Amino acid sequence: MSSSPEPPTPGTHPTRITGAALTALESLLLANVRDAIVVVDVAGTITYWNHGATAIFGWTADEVLGHPFGEFFPDVAASGVAALVRALPRGSMWRGEHLDRRKSGDPVLLKARLQQMFDADGQASGMLGWAQDITEQRATEDALRASEERYRNLLDLAPEAIAIVQHGRCVYANRVAATMMGASSPAELVGRVLNDHLHPDEVSGSLVRQARTLDGTQARALSELRLRRLDGSYTLLETHAGRCEFNGAPAIQIIARDVTERRRSEVALRESEARLAEAQELGGIGSFEVDVASGTATASPALHRIFGFPADAPALDFASFVERFVHPDDREHAVRSRDEAMVPGGVDSIDYRFLHPDGSERVIQMHRRTETGPAGTLGRMLCTVQDVTERTLAEERLRASEQRYRMFVDHASDALFLHDHLGRVLDVNRQACDSLGYTRDELIGQMPYMFDSVITEGVMEQLLTHLDEGTTETIESLHKRKDGTLIPVEIRIRPFTLGHERVALSLARDMTERKTAELALRRSEATLQRAQRIAHIGSWTIEVSTNRFQPSDEMRRMCGLEGDGPWQTSDLFRLLHPDDRERGLQVWRAAIGGEAAEFEHRLIVGNEVRWAYSASTTERDDNGRPVVVAGITQDITARRRLEEQFQQAQKMEAVGKLAGGVAHDFNNMLTVINGYTDLLLSELELYDPRREKITQVREAGERAAGLTRQLLAFSRKQILAPRLVNLNDIVRRAEVMLRRLVGEDVTVATDLAPDLAQLKADPSQLEQVLLNLAVNARDAMPHGGHLTVATRTITVDRRTPGNGETLDGRYVELSVADTGVGMPPGVRDGVFEPFFTTQPTGTGAGLGLSTVYGIVKQSGGHISVESAVGRGSTFRILLPAAPDDATVVVQAVPADGSHRGSETVLVVEDEEAVRRIARISLEMHGYRVIEAAGGDEARRWAANYAGPIHLVLTDVVMAEMSGRDVADLLRALRPNIKILFMSGYTDDAVVRHGVLDATDHFLQKPFTPVSLASKVRAILDA
């Protein structure tokens, strides 16, 4: 064991834990570090044991907590390391390496640190040990110290037996190994299986250790083995086994020594070796030992030097020593501390002022430990003494200096931050805490971008580079308070050296007032520009002689002109669509000639095509020559888009009719397919090998049903269940799902208006809208980004266009914005078309946004998209707000329970396969079923059937008679009969046949046997 006491770092108190307790973060770190952390109280009992200690030593916390330290670490306790730590100067730390054993008995080499712990009153509360397993590290270092040739020479000359085992056989042995085995030469051992020469009881353990050594899980195996020599006799060996390389392949090196005689004598040597090690480790620290029973005391020479006593001075009893040499104010404390230590196993630590014989006053730190003698009596008392006067004075001066520094910085009007060379916060002043709303402890250790919205990791790297060059930086930034509010600041950062470390001091000055004045000025200017922008009309002039083009701000915005010019007429003509340039030249020539010029044309601004109307007039000089052409240009893109939208609506209507027809036949087929697969699955045993195949069919049917629902949604033909809802509630419920859907590299933020109006809509459909828009946004941000979902209530009048439509009234707006790649005009104009997709073939059906469009339109709303390449996309949805006096209608909820029943159900369906699966599904749930292929047959059953008919399940659209007519006919014959409509047609077809949205009991095809039985049971129980 080697050690080196380490003095405390000025300005720190490593042995005092600040605060009432460790924070939750510190506790988590201590519990999960890979190193072993052990705390022992003053009585020597283990009070803390982390996961790292379990991993290194093998004992769990439940096994060791509350037990004496020496029970698990007898070597450490006997070696006096604990006494050494108590003898260290207050605040110092013992560092060293130590060879110990695990619970399994295997050795473990530790790099350890030990120090005392003190409570809030400065009293010793125990000992903290921190150990790192360096067994494997040391083995690696040893293996690299010599080349293979020198290594072999060393092995041959070694005084211990050394053998190398590869693939279970000896491939090398030195002469000592041959002698130990009783062989005539090392060559006689080569090729032998050495495990064959072990005692039978030790072969299995040796094989395990060899395997662990080879695979690296055990760096060094220490064991004692009984070895059978060639003559049949046994000898006791202490072996060390470690991994090595031999001829380029992994092998195990075994070092052995005969310990038969050593084991007999080591018990007698242990006590003397421990005292010798203790005396060596206590160098420079005075110590003395008292045999409590006999009163005999021995002291080290260092103790006499510390107290200023001659080496031959007569020993003083404790009471006389206290009376003569301990400061009067510390005597009572010294006596009480000594009495507390005068118990078996007693430990204490005390600082007191010592009256030195030379007249000076010194500060002495003393650590005592009383050992337990025979039969639990007092044994010997071990004491260490150290003069800590200079350290105490230095600590007091440091505390005073720190107090002056803290008083100065805390009264500064600017926020001050001290950073280390990586940018981490080392210290802050009171103004920094007050301005940010954090405590000092919350800020220390953080990086600036935790509370700074401008300084990112990349900006931080640039700043650190400049600071390394000694440059003082001044930047403007935004500090973010703990409550989320932002503060504009001017930051001045200056690097300097503190001790041997490179640090930086930053001063942040609040610029709120200055920024407020600047903002007021900008708002005034913006108000003027908004007034020009409201009419979407830009003005311009062209000097005929110079062709100089001078646009207004609105004209510059419309044309995408940047900078302050100057611009020429050619710059304007370059913006014209190629197909409109010839016409533009004709108008220009006409304007110069004095004619009134006006025409509609297209402007290409970036990747966007805008429609505009331009008109001009010409000013002439006294001679009639044209001088200036003045004109206006109005953006008429919205009007043009309204015309295009009308054409789009006609196209969508045609596709919708097609989708409705497909959905009818498809849903009937899916009802049969999914119904029979559910019946088959219910009849098969859980482990029937046919279940997986049928399950695949069922899952395919579900996917087909989902595709049908999307066709109905984008064509605005699905059955809705609208009710009064608050859109904020739907967003909040979907927020967790949205975060999972977009992935960890996309941040999701919400901006929900607190006073949002209610709306009447189907909440499940609104959730579908949110999910589809989120998926679209995720695909647009392959490298991550930001997704923002916002809501608000707005009032729109007839003068406000919305995606080419004229809106009027109060609306609830839902906006979904992303920071993705954006869309060029050609893609943006077609995003709501069915089957339109930019994804690779086979990766998307192209129904996501068309489904959103269909749901919004069917809900009476409007949708628009704003997007440009590289600028992301924003989808805005307007849904009509409900009246303020609207009330929520609470729908009856069927009682929970079994779907089974014994009532009679009349099934009216002209599709035989669907009628049959409905009958089978109901009968398997206990219902009596009567079948009718049409209205006439159903009427005959109702008129002639003797028993009750409790419910009629009828298709809505049938060739002979509609479902509504069947229901009216049967209700006339049986007034109490209940009706359940079913249909695979679209909403238009259902409405035309007398079934309105959610006003009748309705079951959408395809349905499953369970969903059918559940719906029937709910209606019968209502």
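This is a predicted model: local features need pLDDT of at least 70, side-chain atom pairs count only at pLDDT 80 or more; totals for chains, interfaces and linings use all residues.
1. Aromatic pairs. The structure holds 17 aromatic pairs. In one of them, Trp49 and Phe57, the ring centres are 5.9 Å apart and the planes stand at 45°, so the pair is tilted. Trp49 is buried, at 6% relative accessibility, and Phe57 is buried as well, with a relative accessible area of 4%.

2. Phe57 and Phe73. Phe57 also pairs with Phe73: their ring centres are 4.9 Å apart and their planes lie at 80°, an angle over 60 degrees, so this pair is edge-to-face. Phe57 belongs to helix 2 (residues 51-57), whereas Phe73 sits in the loop between helix 3 (61-64) and helix 4 (74-79); the pair therefore ties together parts that are 16 residues apart in sequence. Both Phe57 and Phe73 are buried.

3. The aromatic cluster. The residues of the two pairs above belong to one aromatic cluster, formed by Trp49, Phe57, Trp59, Phe69, Phe72 and Phe73.

4. Helix 25. This helix covers residues 763-780, and at 1.5 Å a residue its 18 residues should span 26 Å; the end C-alpha atoms are 26 Å apart, which agrees with that expectation. The expected span is taken as 1.5 Å times one less than the number of residues. Buried residues of helix 25 include Pro763, Leu766, Val769, Leu770, Leu773 and Ala777. Gln765 and Asn772 are also among the buried residues of this helix.

5. Salt bridges, with Asp329 and Arg353 as an example. The structure holds 42 salt bridges. One of them joins the side chains of Asp329 and Arg353, with an N to O distance of 4.0 Å. Asp329 is in the loop between helix 12 (318-325) and helix 13 (331-341), and Arg353 is in strand 14 (residues 347-355), so the pair ties together parts that are 24 residues apart in sequence. Asp329 is exposed, at 59% relative accessibility, while Arg353 is partly exposed, at 26%.

6. Asp420 and Arg424. These two residues form a salt bridge in which the closest N and O atoms are 3.0 Å apart. Asp420 counts as buried at 8% relative accessibility; Arg424 counts as partly exposed at 34%.

7. Glu813 and Arg876. A salt bridge links the side chains of Glu813 and Arg876 at 3.9 Å, N to O. Glu813 lies in strand 34 (residues 809-818) and Arg876 in strand 36 (residues 873-880), so the bridge ties together parts that are 63 residues apart in sequence. Glu813 is buried, at 6% relative accessibility, and Arg876 is partly exposed, at 27%.

8. Cavities. The count comes to 6 cavities of 30 Å³ or more. The largest cavity has a volume of about 380 Å³. Its lining consists of 25 residues, and those nearest the centre of the cavity are Leu194, Leu198, Leu225, Thr239 and Ile254. The elements giving two or more residues to this lining are strand 7 (161-166), helix 8 (175-181), helix 9 (203-215), strand 9 (220-228), strand 10 (234-246) and strand 11 (249-258). By class, the lining of the largest cavity has 18 nonpolar, 6 polar and 1 charged residues.

Technical notes:
Residues are numbered from 1 along each chain as its sequence is written. Side-chain values use heavy atoms; hydrogens and water are left out. Rings of Phe, Tyr and Trp (its six-membered ring) pair if their centres lie within 6.5 Å; planes under 30 degrees apart count as stacked, over 60 as edge-to-face and the rest as tilted. Buried means under 20% relative accessible area, exposed over 50%, partly exposed in between (1.4 Å probe, protein chains only). Helices (H or I, at least four residues) and strands (E, at least two) are DSSP runs, numbered from the N terminus. On a 1 Å grid over the protein atoms alone, a cavity is a set of points where a 1.4 Å probe fits but cannot get out, and a pocket is an open set with protein on both sides within 12 Å along at least five of seven lines; lining residues have an atom within 4 Å of a point. Grid points are joined across faces, edges and corners, and a volume is the space filled by probe spheres set on the points. Ala, Val, Leu, Ile, Met, Phe, Trp, Tyr, Cys and Pro count as nonpolar, Asp, Glu, Lys and Arg as charged, and the others, Gly among them, as polar.
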